[in-house]
Amino acid sequence: MMIFDILTLFPEMFQSPLDSSLLKKAREKGLIQVNLHNIRDYARGKHRVTDDYPYGGGAGMVMKVEPVAEALDALLHEGVRAHVVLLTPQGEPFSQKLAGELVGHSRLVLICGHYEGVDERVREYLIDREVSIGDYVLMGGELPAMVIVDAVSRLVPGVLGNMASTSSESHTEDLLECPQYTRPSEYRGWKVPEVLLTGNHRNIEDWRRRESLRRTLNKRPDLLKRAALSEEDLKIMEALKKEG
Ligand code: 6GU
């Protein structure tokens, strides 16, 4: 059982993704548990303020340190060890590799950053790492937290059931997936590649490998630098480059 604790100012943003599809099933099967915690519940005073003006002046508001610290105290107080992740655009880039690392922790705490920033003492004293999901700016860390719950949950044994094995898919071996087709074999004159209809598994596997290499070369040549390619793959690549 993998436990996610999400600290957020907007817990309602998580409801429908968690109640849909495979995440819902994973929760029902007891393979994952997602606990939502409203940071505002840990803020003091009548108005339960969670943000304030930046020291030194400047535009925008800053998320306060105390509500986050006290929310964490309340959680970690329960004893279990947890890996604490802050979601902001300044974090280390999320990747399939990092998802594989995070699934090794039995409990993840995801803190969703907000406003124009987070008091630096959250970073300095309260977290294990800071993660971003890409080079663009979102309104807050909620969608990124959901992305991490999704990417990590599907690596938890049993979550995918008998669906796509996680070993031969995009990004686990740094090549893109080959084209896929299902019935009918022809629609409006648009045909499925002949080789896939033959039942010759040697030829089908060769075709799939070549098409994965072709796609990666065309769409994501940057991935090829780290892909583990065989001698045969390299020969195919040379031929693909000549084809243009
Ligand atoms: Cl983790 N947070 C925000 N606010 N924006 C982002 C992000 C995170 N990752 C990419 N953009």
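Contact here means that heavy atoms lie within 4.5 Å. The model is a predicted one, and in it Asp-5 touches Asn-35, His-37, Leu-75, Arg-107, Leu-108, Val-109 and Leu-110, when residues up to four places away in sequence are not counted. Asp-5 belongs to strand β1, which spans residues 2-8, and its relative accessibility is 1%, so that Asp-5 counts as buried. With one of the residues it touches, Arg-107, Asp-5 also forms a polar contact between side chains, at 2.7 Å.

A nitrogen atom of the ligand lies 2.6 Å from a polar backbone atom of Tyr-136, while a backbone N or O atom of Ile-133 is found 2.9 Å from a ligand nitrogen atom, and a polar side-chain atom of Ser-132 lies 3.3 Å from a nitrogen atom of the ligand. Of the 290 Å² of accessible area that the ligand has on its own, the protein covers 97%. Two or more residues of the shell come from each of the elements β5 (83-93) and β7 (129-132), and β5 gives the most, with three residues. The residues around the ligand include Leu-87, Thr-88 and Pro-89, as well as Val-131, Gly-134 and Leu-138; by class, the shell holds seven nonpolar and four polar residues, and no charged ones.

The cysteines can be considered after this. A disulfide is a covalent bond between the sulfur atoms of two cysteines. A search of the whole structure finds zero disulfides. Cys-112 is buried, with a relative accessible area of 0%, and Cys-178 is buried as well, at 10%.

The backbone remains to be examined. Most residues other than glycine have a negative phi, and most peptide bonds are trans. Ser-21, in helix α2 (residues 21-28), has a positive phi near 55° although it is not a glycine, and with a relative accessible area of 54% Ser-21 is exposed. Arg-48, which is placed in the loop between β2 (32-38) and β3 (51-52), likewise has a positive phi, of about 45°, and it counts as partly exposed at 35% relative accessibility. A cis peptide bond, with omega of about 5°, joins Arg-183 and Pro-184, and Pro-184 is found in the loop between α6 (142-153) and β8 (186-187).

Conventions:
Residues numbered from 1 in each chain as written. Predicted model: local features only at pLDDT ≥ 70, side-chain atom pairs only at ≥ 80, totals over all residues. Heavy atoms only, no water. Disulfide = S-S within 2.5 Å. Buried < 20%, exposed > 50% of the residue type's maximum accessible area, 1.4 Å probe, protein only. Near = heavy atom within 4 Å. Polar contact = N/O pair within 3.5 Å; in protein donor to acceptor, adjacent residues only side chain to side chain. Areas by Shrake-Rupley, 256 points an atom, 1.4 Å probe, with all protein chains shown as cover. Helix = DSSP H or I, 4+ residues; strand = E, 2+ residues; numbered from the N terminus. Nonpolar A, V, L, I, M, F, W, Y, C, P; charged D, E, K, R; others polar.
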